[in-house]
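Please consider the sequence and model shown below.

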Amino acid sequence: MFKRRRDAEPLTKIEKRASSLPNGDLMGWAENALYTTERNLFAYQRDKNTFYLNEAKMGAESLMAIIKVLERRNQADER
């Protein structure tokens with residue numbers, strides 16, 4: 001029924017997972033990603049340990065994936 005464009009990027013693992021969740025769960029996941037990203041950035045600032053920086057990066061990537069899924073859903077609803 002719906003065909004993906006050929007030039008569209010393949011979904012990442014996070015985007016696949018986010019695509020399977022309802023919007024309410026996505027919003028909870030987004031809030032958690034924001035909180036953990038901030039917490040890890042502050043921990044990195046304090047300790048200068050790259051572990052915290054990597055964790056913050058993963059949280060930010062999760063948040064971006066969630067936003068992409070929400071954008072796609074919004075565009076589909078507008079059609």
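Predicted model: local features only at pLDDT ≥ 70, side-chain atom pairs only at ≥ 80, totals over all residues.

Residues are numbered from 1 along each chain as its sequence is written, and side-chain values use heavy atoms, with hydrogens and water left out.

The chain contains three helices and zero strands, arranged along the sequence as α-α-α. Helices (H or I, at least four residues) and strands (E, at least two) are DSSP runs, numbered from the N terminus. Of the 79 residues, 22% are buried, that is, under 20% relative accessible area with a 1.4 Å probe, protein chains only. Contacts are heavy atoms within 4.5 Å; among those between residues at least 6 apart in sequence, 59% join residues at least 24 apart.

Helix H2 spans residues 23–47. Its 25 residues reach 36 Å from first C-alpha to last, close to the 36 Å expected at 1.5 Å a residue, where the expected span is 1.5 Å times one less than the number of residues. Buried residues of H2 include Leu-26, Ala-30, Thr-37 and Ala-43, and their cover includes helix H1 (13–19) and H3. After H2 comes Lys-48, with a positive phi near 55°.

Ala-65 lies in helix H3 (residues 50–78). With a relative accessible area of 5%, Ala-65 is buried. Setting aside residues up to four places away in sequence, Ala-65 touches Ile-14 and Glu-15. Glu-15 is 50 residues from Ala-65 along the chain, yet their C-alpha atoms are separated by 5.3 Å.

Notes
Buried < 20%, exposed > 50% of the residue type's maximum accessible area, 1.4 Å probe, protein only.
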